[in-house]
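Take a look at the fold before reading on.

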Amino acid sequence: MAPFTVLHVCMGNICRSPMAERLLALAVTEQAGPVGADLVLSHSAGTGGWHEGEEMNPPAARQVRSRGGSPDDFSARKLRAEHIEAADLILTATADQYDYVVALRPDAADRTFVLGEFGRLLSAVDPSTLPAADRTPDAVYARGVALVAAVAAARNGEPAQAKDDLDDPWGRGDQVFARVADEIQSTVHPLTTVLLPPPA
């Protein structure tokens, strides 16, 4: 079962989802140290597929690097049903991409969220109701699955809001990429804090 696997989805898989992939990985390492890579797997894919094999878009890579992460060895890929099947949490850049994921795998609806939506609903979850996470893979996996279920319950069947979407920064300036990276971090940092609380 372990590690707890987070799949980030955008359109081309060269801007938003790669930033989310690497910024979550960075947050996990900052929270749990080197062992974090064994506890949480962060990866990404795109609905379009036309950039398969490409590196991260340079402005996106600059944002990741400037925040302490690494854009190295990234290769874009097209989203496939098996990626969804293997993920414990799917975070999409927009509601349209949420619909795409659920069309591919309807059974993934309760573990798929627009990234901003997940961050907004996360505040409704009481971390004390989740299984303890003792920084072992099985414990973090169990806590993560319970967290996703709790956020899905907080959603209560309501659709994501327009403000939950991440703007597509492709072809725009560094200032736009920085704003999108800030929005990503505003979700992945709280997620990591709840998923990997400090040892008791």
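## Ile184 and its surroundings

Ile184 lies in helix α8; helices here are DSSP runs of H or I with at least four residues, strands are runs of E with at least two, and both are numbered from the N terminus. Setting aside residues within four places in sequence, Ile184 is in contact with Arg16, Met19, Ala20, Leu23, Leu115 and Leu166, where contact means heavy atoms within 4.5 Å. With a relative accessible area of 0%, Ile184 is buried. That label stands for under 20% relative accessible area, while exposed means over 50% and partly exposed covers what is in between, using a 1.4 Å probe and protein chains only. Gly119 is 65 residues away from Ile184 along the chain, and their C-alpha atoms are separated by 9.0 Å.

## What kind of model this is

This is a predicted model, in which local features need pLDDT of at least 70 and side-chain atom pairs count only at pLDDT 80 or more, while totals for chains, interfaces and linings use all residues. Residues are numbered from 1 along each chain as its sequence is written, and side-chain values use heavy atoms, with hydrogens and water left out.

## The overall fold

The protein has 8 helices and 4 strands. Along the principal axes, the C-alpha atoms fill a box of roughly 45 × 35 × 30 Å.

Of the 200 residues, 52% are buried. Taking contacts between residues at least 6 apart in sequence, 76% join residues at least 24 apart.

## Surface, charge and annotation

The protein exposes about 8,900 Å², with carbon and sulfur atoms supplying 53% of it; the areas come from the Shrake-Rupley method with a 1.4 Å probe, and for residues only the protein chains shown count as cover. There are 17 positive and 27 negative side chains, and the centres of the two sets lie 3 Å apart. Lys and Arg count as positive and Asp and Glu as negative, with His and the chain ends not counted; each charge is placed at NZ of Lys, CZ of Arg, CG of Asp or CD of Glu.

An unreviewed UniProt entry carries the annotation "domain: Phosphotyrosine protein phosphatase I" over residues 4-194. UniProt positions are given in the numbering used here, feature names are shortened, and annotations may be inferred rather than shown by experiment. Over residues 4-194 the chain is 49% helix and 11% strand, and the end C-alpha atoms are 13 Å apart.

## The loop between α7 and α8

Several residues worth a click sit in the loop between α7 (137-155) and α8 (174-195), including Ala160. Ala160 is partly exposed, with a relative accessible area of 26%. Not counting residues up to four places away in sequence, Ala160 touches Val114, Glu117 and Arg120.

Gly157 lies in the loop between α7 and α8 and counts as exposed at 70% relative accessibility. Gly173 also lies in this loop, and is partly exposed at 39%. From Gly173 to Leu24 the distance is 23 Å, C-alpha to C-alpha, and 149 residues in sequence.

Thr47 belongs to the loop between β2 (40-46) and α3 (58-66), and counts as buried at 13% relative accessibility. Beyond four places in sequence, the contacts of Thr47 include Val9, Cys10, Met11, Lys78 and Tyr100.

Most residues other than glycine have a negative phi. Which way does phi point in Asp73, positive or negative? Asp73 has a positive phi near 60°; it is found in the loop between α3 and α4 (81-85) and is exposed, at 79%. Arg135 likewise has a positive phi, about 65°. Arg135 is found in the loop between α6 (115-122) and α7 and is buried, with a relative accessible area of 18%.
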